[in-house]
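Hi,

Here is the structure I promised to pass on.

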Amino acid sequence: MKGRTLLMIPGPIEFEPDVLQAMGQATISHVAADFCEVFGRALERMREVFLCPGGQPFVVAGSGTLAMDMAVANLVEPGDRALVVNTGYFSDRFAAILERYGAQVSHVRAPVGGAPGADEVEAALQQGDYALVTVTHVDTSTGVLADVQGIAALARRYGALCVADGVCATAGEECRQQEWGVDVYLTASQKAIGVPPGLALLVAGPLAIDAWRARQSPVANYYADFANWLPIMEAYEARRASYFATPAVNLVSALDVSLGHILAEGLEARFRRHRRIGDACKAGIAALGLGQVAAPAVAAHTMTAPYYPEGVGPELLKAVLGAGAILAGGLQPEIKTRYFRIGHMGAVSAGDLLATLGAIEQGLAAVGYRFEPGAGVAAAQRELLKP
Ligand SMILES: *Cc1c(COP(=O)(O)O)cnc(C)c1O
């Protein structure tokens, strides 16, 4: 036994070996010419991966929550109205951040596992003069996939900026930031982008930059202020060093490597691979007789959130770990103890998924659940083998 375990949670994920090698290199100076080249190229690649050729990328040391904080701090002024399209725990976090910066927040919600319909979002937009709409592309608490394209179009029609949290989606779920009119699309390094935790990543479109420039009040967060970061991003992209706060040198090198892999695979192929693996996981879980939190019409492709079988709880995850796969427990408060989460994004392969379903079957057997051995693996394999 090699003692290998597969990290199959919704971030951090399994990383490519050369991404990890970049993390382990001797750290170079943040003003070295070599680093200017790496950082500059990473910024150019961000635009390509976000499908936003006219956008301004920001790469800042921090986690996904900082990316959310940065979007809101720069775009919201006290008293602004903001609409949160709420699909779970991370949508609630957007609301908390918006309120912290003085926004008046309204929600449009669906029952747990659902997503609000376009008609409900539009009805809410008709009620008030909103400056901003937030949407969580994949809410990692529920595995619900939101219609970012439709919501961005509605926000644009009603004169509001659209900020989309792509932390569990970017470079896994389809998003065409520029074409869809998403004003800010943001993520964290450790999810489908495929880099260890530590970077907040966002791309701001021209309307977002204009709105920031037109602010009446100062940005109430010193570290997150675009005014501090924009000149730095522009300098590195021009292959010049500039200092505001020390960049996470090794993480930026690793990001450059991972973005290179993503572009080499091609975004269309990558979106397809995530759809295929996501569908296979859902088919496997269903064949084992387990329910899922997200309704099929709004289920994400980067993760799956199955309910535990009747009478089974988190002890299942321990048994699955014993069989070689690390899964995550529940997060959405109303149902937290009743379900678990499987991440399948980034470098994930069909083999990783089959191994994970095999480990889940081992775990289910260990906790005394009755099922047809191999049923989950077979259903997933059938899905993977579809032409
Ligand atoms: C993980 C996640 C976050 C938070 O990111 P951190 O890096 O943990 O701060 C925010 N939104 C979504 C959708 C996430 O999946």
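Below is what turned up, topic by topic.

A word on the ground rules: this is a predicted model, where local features need pLDDT of at least 70 and side-chain atom pairs count only at pLDDT 80 or more, while totals for chains, interfaces and linings use all residues. Residues are numbered from 1 along each chain as its sequence is written, and side-chain values use heavy atoms, with hydrogens and water left out.

Let's start with strand β9 (residues 184–188). Helices (H or I, at least four residues) and strands (E, at least two) are DSSP runs, numbered from the N terminus. 5 of the 5 residues of β9 are buried, so the strand is largely enclosed by the rest of the structure. "Buried" means under 20% relative accessible area, with exposed being over 50% and partly exposed in between (1.4 Å probe, protein chains only). In a regular strand the side chains alternate between the two faces of the sheet. Here Val184, Leu186 and Ala188 point one way, and Tyr185 and Thr187 the other.

What does β9 pair with in the antiparallel sense over 5 bridges? That is strand β10 (residues 199–204), where Leu202 stands opposite Leu186. Strand β8 (residues 161–165) pairs with β9 in the parallel sense over 3 bridges, and Val163 stands opposite Val184. (Two strands pair if DSSP finds at least two bridges between them.)

There is also an open sheet of 3 strands, in the order β11-β14-β13, with antiparallel pairing. β11 (303–304) and β13 (328–329) stand at the edges with a single partner strand each, so one side of each has no neighbour in the sheet. β11 and β14 (residues 340–343) share 2 bridges, and the bridge partner of Met303 in β14 is Gly343.

Now the rings. The structure holds 13 aromatic pairs. Rings of Phe, Tyr and Trp (its six-membered ring) pair if their centres lie within 6.5 Å; planes under 30 degrees apart count as stacked, over 60 as edge-to-face and the rest as tilted. One of the pairs is Phe39 with Tyr236, which is tilted, at 4.6 Å centre to centre and 35 degrees between the planes. Phe39 lies in helix α2 (residues 33–49) and Tyr236 in helix α9 (residues 226–237), so this pair ties together parts that are 197 residues apart in sequence. Both of these residues are buried. Phe50 and Tyr185 make an edge-to-face pair, 5.7 Å centre to centre with 75 degrees between the planes. Phe50 lies in the loop between α2 and β2 (56–61) and Tyr185 in β9, so parts 135 residues apart in sequence are tied together. Ring pairs also link Tyr222, Tyr223, Trp229 and Phe244 into a cluster.

Enjoy exploring!
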